[in-house]
Amino acid sequence: MTWTVTTERFDSPDATALRRDYYDEVASRYWQRPATAEEIADGLTDDGADLLTPPTGQFVVGRHEGKAAACAGLVLTEAAEPGTAELTRVYVRPAFRGTGGGAVLLAAVEEAARAFGVRLLRLDTRTDLVEARGLYAKHGYREVPAFHRRTPYAEVWFAKEL
């Protein structure tokens, strides 16, 4: 069972489908009901994904046995905080969870961050995203005080020194 991770534009067909699935899951869990197509489309509209391309960031797609199964993004916050970037849109499709995809994604994004000169990688998440919080803790991310304003979508903050 092989995972590969490649840099890909956030708007490629596979990346777009993965980002849509990501928003569907996080919105559905937040609202505790299935998200509508309109809600997902609204979430994807002007969501800042254009920052996921050099020189402001990068987007990666993970494939399991050749099938697009996971994604993650990196956004440089260099202007505000030199040497810092944010990990975002980390997602593994449910059918592929538990196969090592999350670890492979994190390693790829961390490698990309180092190539950009990033020394501190951080992220925010929600308390209900238990799997994500477990993944981050398992891979050396530690809970830190809030590094931006708390919102309904940001309840827990993590960081990792690279």
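**Exercise 1. The sheet**

Task: In what order do the seven strands of the open sheet stand?

Solution: The order is S1-S2-S3-S4-S5-S7-S6, and the pairing is mixed. This is a predicted model. Go next to the edges. Strand S1 (3–7) and strand S6 (142–144) each have a single partner strand, so one side of each is left without a neighbour in the sheet. Then follow the twist: it averages 30 degrees from one strand to the next.

**Exercise 2. Strand S3 and its partners**

Task: In which sense do S2 and S3 pair, and over how many bridges?

Solution: Strand S2 covers residues 57–64. S2 and S3 pair in the antiparallel sense over eight bridges. Check two positions. Val61 has Cys71 in S3 as its bridge partner. Arg63 stands opposite Ala68 in S3.

Now take the turn. Two residues lie between the strands of this hairpin. Glu65 is found in the loop between S2 and S3. Its phi is near 55 degrees, a positive value in a residue other than glycine.

Move to the other partner. S3 and S4 run antiparallel and are joined by six bridges. Here Leu74 stands opposite Leu87 in S4.

Task: How many of the ten residues of S3 are buried?

Solution: Use the cut-off of under 20% relative accessible area for buried. Nine of the ten residues of S3 are buried, so S3 is largely enclosed by the rest of the structure.

**Exercise 3. Helices on the sheet**

Task: Which strands does helix H1 lie across, and at what angle does H1 run to S4?

Solution: H1 spans residues 13–31. It lies across S2, S3 and S4. Its angle to S4 is about 85 degrees. Compare H4, which packs on the sheet and touches S4, S5 and S7. The direction of H4 makes about 25 degrees with that of S7.

Task: What span does helix H3 reach, and which of its residues are buried?

Solution: H3 takes in residues 101–115, 15 residues in total. From its first C-alpha to its last it reaches 21 Å, close to the 21 Å expected at 1.5 Å a residue. The buried residues are Gly101, Gly102, Leu105, Leu106, Ala108, Val109, Glu110, Ala112 and Ala113. Gly117 follows H3, with a positive phi near 85 degrees.

**Exercise 4. The cores**

Task: Which residues have the most contacts inside the largest nonpolar core?

Solution: This core has 25 residues. Leu74, Leu87, Tyr136 and Tyr141 have the most contacts inside it. Next, assign the elements. Those that give two or more residues are strand S3 (67–76), strand S4 (84–92), H3, strand S5 (120–125), helix H4 (130–138) and strand S7 (156–161). A second, separate core has 19 residues, including Leu18, Tyr23, Leu44 and Cys71.

Task: What does Tyr141 touch, not counting residues up to four places away in sequence?

Solution: Tyr141 touches Leu87, Leu106, Glu110, Leu121, Leu123, Tyr136, Phe158, Ala159 and Lys160. Cross-check this list. Leu87 and Tyr136 are also among the residues with the most contacts in the largest core. Leu106 and Glu110 are among the buried residues of H3.

**Exercise 5. Glu8**

Task: Is Glu8 buried or exposed?

Solution: First place the residue: Glu8 lies in the loop between S1 and H1. Its relative accessibility is 17%. The limit for buried is under 20%. Glu8 therefore counts as buried.

Task: Which residues does Glu8 touch, not counting residues up to four places away in sequence?

Solution: The list is Asp14, Ala15, Phe59, Val60, Val61 and Arg63. Glu8 and Gln58 are 50 residues apart along the chain, and their C-alpha atoms are separated by 7.9 Å. Finish with the side chain, which makes a polar contact of 2.5 Å with that of Ser12.

Definitions and conventions
Residues are numbered from 1 along each chain as its sequence is written. This is a predicted model: local features need pLDDT of at least 70, side-chain atom pairs count only at pLDDT 80 or more; totals for chains, interfaces and linings use all residues. Side-chain values use heavy atoms; hydrogens and water are left out. Helices (H or I, at least four residues) and strands (E, at least two) are DSSP runs, numbered from the N terminus. The expected span of a helix is 1.5 Å times one less than its number of residues. Buried means under 20% relative accessible area, exposed over 50%, partly exposed in between (1.4 Å probe, protein chains only). A nonpolar core is a set of buried Ala, Val, Leu, Ile, Met, Phe, Trp, Tyr and Cys residues joined through side-chain atoms within 4.5 Å. Contact means heavy atoms within 4.5 Å. Two strands pair if DSSP finds at least two bridges between them. Axes are lines fitted to C-alpha atoms, for helices over the stretch in contact, and angles run from 0 to 180 degrees between N-to-C directions. A polar contact is a pair of N or O atoms within 3.5 Å; within protein, one must be able to donate a hydrogen and the other to accept it, and residues adjacent in sequence count only if both atoms are side-chain atoms.
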